[in-house]
Amino acid sequence: SSTEKTTHFGFQTVTESKKADKVAEVFSSVASSYDRMNDVMSAGIHRLWKDHFVRSLNPGRRPGGSPMNILDVAGGTGDIAFRILDHATKINHDTQTRVTCADINADMLREGERRSLVDTSYGGTDRISFIVQNAETLDAIPNNSVDLYTISFGVRNVTNIPTALKSAHRVLKPGGVFACLEFSKVRPAILDAIYQRYSFSVIPMMGQLVAGDRDSYQYLVESIKMFPSQEEFAKMVEEAGFMLPGKGFEELTFGVASIWKGVKSL
């Protein structure tokens, strides 16, 4: 309808329903080369960020506690899920904590499922499952059922971020933790100027060379630029009902990426 709400797709303004379709196209086109894409976007540092993200959450059963039920949203390729299960198993000696990978994109989930069978011992076990879900509704996930909700480099692609944050709050158990890893605002300004130049000239060109796909990479750098500042996003997390530990975020590599956390009150 002519009254449909609009949102941004990179620098373009599109209707909300159109954004979901266009984001789906981007991720279907990059599904098989997604890790390579993240390597290009972050000069390989995304692997270190993800390791740090998972370590900071210390997933797994605590002494005397129960195994955790973890939901990784926009986690199609299993990147975070595999790290979570490795940490729970090797560090916390917990072989029962399980992760549900939820993603709106079936192509990404297929890639994650393939990798779980080829690259890990978790594929085909009850420790990991893959499910098509929209982050805004999470309609297959019951209220108060999740111990830890993670979303890594996914939230900026969601059409309505406050709605997705509300859904995160709904599915978490009281005392449950929301944790988000995402590209953010680089500081100080001089570094940001260098980073912007790299983003807008080098990354799309690399996308063309690495994946034969300039447009998807162009969207991704634009979507980073449009994402709220660290403080603004922390405020959105708080407005969704979460308690923030401290200021609510931790910057990585001069703010190229940040980790935000929130706790659902008891």
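A crossing of two helices is right-handed if the near helix is turned clockwise from the far one by less than a right angle, and left-handed if anticlockwise. Helices here are DSSP runs (H or I, at least four residues), numbered from the N terminus. This is a predicted model, in which local features need pLDDT of at least 70 and side-chain atom pairs count only at pLDDT 80 or more, while totals for chains, interfaces and linings use all residues. Residues are numbered from 1 along each chain, and side-chain values use heavy atoms, without hydrogens and water.

Select residues 34–42, helix α2, and residues 189–211, helix α7. Their axes (lines fitted to C-alpha atoms over the stretch in contact) come within 9 Å and cross at roughly 150°. That makes α2 roughly antiparallel to α7 (angles over 145 degrees, between N-to-C directions that run from 0 to 180). The crossing of α2 past α7 is right-handed.

Next, show side chains. From α2, Arg36, Val40 and Met41 meet Tyr198, Ile203, Met206 and Val210 of α7 (contact means heavy atoms within 4.5 Å).

Now select Ile45, Tyr195, Tyr198, Thr253 and Val256, which lie nearest the centre of the second largest pocket. A pocket is an open set of points on a 1 Å grid where a 1.4 Å probe fits, with protein on both sides within 12 Å along at least five of seven lines; lining residues have an atom within 4 Å of a point. This pocket is lined by 13 residues, and α7 gives the most, with 4.

Conventions
Helix = DSSP H or I, 4+ residues; strand = E, 2+ residues; numbered from the N terminus. Parallel < 35°, antiparallel > 145°, perpendicular 65-115°, else oblique.
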